[in-house]
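I opened my notebook for a look at rings and cores. Here is the entry, in the order I looked things up.

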Amino acid sequence: DKTAGSVTLTLTAVANAPCSVNATSTKVLTIDTPPTADAGTAIVTCSTSGAVNITAGSSATNQASVVWTSNGTGTFANATSLTNATYNPSAADKTAGSRILTLTAVAKSGCSNVVATKTITITATPTANAGSALSTCSTSGAINITAGSSATNQASVLWTSSGTGTFVDDTSLTASTYAPSAADIIAGSVTLTLTSFPNSPCSTNATSNKVLTINAPPTADAGTAILTCSSSGAVTITAGSSATNQSTVAWTSNGTGTFANATSLTNATYNPSAADILAGSRILTLTVGNAGCGSISSTKVITITAAPTATAGAALSTCSTSGAINITAGSSASNQASILWTTSGTGVLTDAASLTSCTYAPSAADILAGSVILTLTAAANSPCSNAVATKKLTINTPPSLTSVSICQGGSGELL
């Protein structure tokens, strides 16, 4: 019967006497074979491949129909086909990494459905991040190039260069180093490429680049020593200074003065503080740096010469008959190389370079004029300017008595 697939069933109603003709009726009993289902071989696809045919190895027998379903949220096309059904994984499926595909063989009447399952594995595509740009010094040799680098979903990674330097551990994300070649150093930079190779069945590599800048070490020359006067204020300090291969420049001092344009090699100035002036000198330091090479410094001295002062003292008076007079009362000088007294008149100075014993003898012309201006000059130490101070010497004439004759009994005026 099962082999035949059906039998005919007959119902006979046997007649009561005196009837002699029985009544009969028939129906067909169809005997269906239960369905079978085989979902086939597991599927591996790349997350970027889109819809993939899922029917490889699948089959069914004795089915009324078939339908494919999944425990994911992707989309099917031709989900009732055993030859061209496809599944397009959703974002959630890709995140999960795999889903269960179920083939249901829908049974014919009288039998139960049969299901078979298989896994679809969704392989993520690789990513690569070479990290941020790097700088190194041409004298530093091999440098670790992996700072900031990363990769995901990779079978392996590889570092390569646009230059001709040498890698060590070029398949590492943590320990790979690169030693620039002479040609790289001349070129000044190379491009480093991180390649992330995919897991099957993905076939597209991921790449990421960064630049390795190879800088020459800086040089610095602070230049010639500076000599300034305490009264000069800000002074340019860059005389003779130079630097090469620098990306940064900075002037500093061991004093407490103030800089202007402290990052310049041509117009940086320094204004000594009161403490600097009192000390008499300070050290100026030129520091230059270049990325990857560190910094280097050069120094020079700024000598701060105190400006001279001069005080001539209070005005003087003398008598025209007194001759030479000491003119130094109240006079003083400081920070001078020397001092010198001079006069606006034509008298004679003695010890004109003394602050204690200088005398002046007025000339007849001075006496006639009635006064002269005495000037005290404090000669400066280089590079300062002289200081001068003046005072007046008034030259008084002594009074005179004129005699007159008066007759006895007469009168007259006594002058």
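This is a predicted model: local features need pLDDT of at least 70, side-chain atom pairs count only at pLDDT 80 or more; totals for chains, interfaces and linings use all residues.

Is Y87 buried or exposed? I found Y87 buried, at a relative accessible area of 0% (buried is under 20%, exposed over 50%, partly exposed in between, with a 1.4 Å probe and protein chains only).

Residues are numbered from 1 along each chain as its sequence is written, and side-chain values use heavy atoms, leaving out hydrogens and water.

Next I searched the whole structure for aromatic pairs and got three (Phe, Tyr and six-membered Trp rings with centres within 6.5 Å; planes under 30 degrees apart are stacked, over 60 edge-to-face, the rest tilted). F76 and Y87 have ring centres 4.8 Å apart and planes at 50°, so I logged the pair as tilted. F76 sits in strand β8 (residues 75–77) and Y87 in strand β9 (residues 86–88), so the pair ties together parts 11 residues apart in sequence (strands are DSSP E runs of at least two residues, numbered from the N terminus). F76 is partly exposed, at 27% relative accessibility.

I also noted F167 and Y178, a tilted pair at 4.8 Å centre to centre with 55° between the planes. Y178 is buried, with a relative accessible area of 0%.

Last, the cores (buried Ala, Val, Leu, Ile, Met, Phe, Trp, Tyr and Cys joined through side-chain atoms within 4.5 Å). The largest nonpolar core has 18 residues, and A310 and W341 are among those touching the most other members. Apart from it I found another core of 15 residues, including W68 and Y87.

How values were computed: Helices (H or I, at least four residues) and strands (E, at least two) are DSSP runs, numbered from the N terminus.
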